[in-house]
Amino acid sequence: MNDMMKTLVRTGPGTPTGALLRRFWIPILLSSEIADPDGPQVRVQILGEKLLAFRDSQGRPGLISEFCSHRGVSLYFGRNEDNGIRCSYHGLKFDIEGKCVDIPQAPQMCEKFHIAGYPCLERAGIVWAYMGPKDKQPGPPGVEWANLPESHVFVSKRLQECNYLQAMEGGIDTSHVSFVHKFEVDNDPFHQGTKANDYIKKDGNVTFEVEKHDGGLTLFGRRNGEPDSYYWRVTQWIFPWYNLIPPFGDHALGGHVWVPIDDHNCWAWSINFRPDQPLSEQERRDLQDGKGVHCEYEPGTNVPGGTWRPKANKDNDYLIDRVAQKERRAFSGVFGFAAQDASLQESMGPIQDHEAEKLLPSDRAIMMARRMLYEATVGLAQGQEPSATASMAQRVRAAGVLLPREQKPQQWAKTHLVYGEDQPVYSL
């Protein structure tokens, strides 16, 4: 593996890419996992750090180191009470900032016993944390779905058992939609009955144009549309780990966030949202049932502190159905967008052997995203601040549109998709 890839796949404490990712607001867990003030604390691991999330007596979310600074005991076994977690071993107490606020045996020594604590905020039903230097904290996340009323948004998360980079690159690569998802789009309630399905299924030879912008990359995937037009599927990769999915017909927009748990596992956050109206009751029921980009879980795992492991996973070969594959009901024999993606990305191994890969012209966006991440990582190590932390840089949209064959999509996108929350949703 070359130096660039070795750098990008390692995100733990003290690593260059880990330092870069800590400069952004990070989705940590669902707000519902710590629903109640003084309720049970929840173990979480992010970027290789073992942490505890909890809600204090005032209802404020907190994220602190899991371990007491006295003897290294896990504070998971402590008490969440009176605005802090009290260690059950010797009674040291820590607030949501990680400050030691009480040592019964030596109250004068509190200042020496602080542990890591990270600022938190809540958006779209998610607790986010900033894990970087305090004086470099950016403004709140600018992605559109994180700034809508909760009634307009549905968010889920699932465990993905591979490195975040190969998972995220699956989100960047949209040419695979014409293959592994080819038959799923006919039956899924968030894709069925749309003109885009026909274009995607009929033309697997997608041609890409990629444009860099302040917040990441815009991918213009061109397929044959009508005799006088092309179907442009415009997706967004927002630095450093978001992607936005074009809507299908009058269905909700979608997106993902790929957050490293450690170097071998990541959280795959999946989002559907409507900018201009609440999700309907039927939409929300379908999403809760794992339709669209979401999933069903192993029984009992989608609970606070649970594994959130999908029902279709590597231990059961993702419930592959060879009969369905042969009958063209599932291209790979795996059902569900999330399971289809995970089955292929996890099959690469915990960390893909990048030395063995041979990239195609359609992988240009992946190559550009890797380069952007690497240059920002190296730049930060040399004292250059990452430019994409600004909230405004994240305010872009995905779209599906038919354009005359002679028209280039880049200028259209600048008018209709960048900083375009006041624009209608463009979909086919």
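The model is predicted, so local features are described where pLDDT is at least 70 and side-chain atom pairs at pLDDT 80 or more, while totals for chains, interfaces and linings use all residues. Residues are numbered from 1 along each chain as its sequence is written, and side-chain values use heavy atoms, with hydrogens and water left out.

**Cysteines**

Select the cysteine sulfurs: the structure holds zero disulfides, a disulfide being a pair of cysteine sulfur atoms within 2.5 Å. Cysteine 266 is in no disulfide, and the nearest cysteine sulfur, that of cysteine 162, is 5.0 Å away. Cysteine 266 is also buried, with a relative accessible area of 0%; buried means under 20% relative accessible area, exposed over 50% and partly exposed in between, with a 1.4 Å probe and protein chains only.

Now select residues 25-30, 120-123 and 126-130, which are β1 and β10 and β11. Strands (E, at least two residues) and helices (H or I, at least four) are DSSP runs numbered from the N terminus, and two strands pair if DSSP finds at least two bridges between them. The three strands form an open sheet in the order β1-β11-β10, with antiparallel pairing. β1 and β10 stand at the edges, each with a single partner strand, so one side of each is left without a neighbour in the sheet. Four bridges join β10 to β11, and across this pair cysteine 120 stands opposite alanine 129 in β11.

Select residues 337-346, helix α7, where nine of the 10 residues are buried, so that the helix is largely enclosed by the rest of the structure. Among its buried residues are Phe337, Gln340, Asp341 and Glu346. The buried residues of α7 pack against β12 (153-160) and α3 (164-172), contact meaning heavy atoms within 4.5 Å.

To finish, show the side chains of Leu165, Met168, Glu169 and Ile172 in α3, which meet Ala365, Ile366, Ala369, Arg370 and Leu373 in α8.
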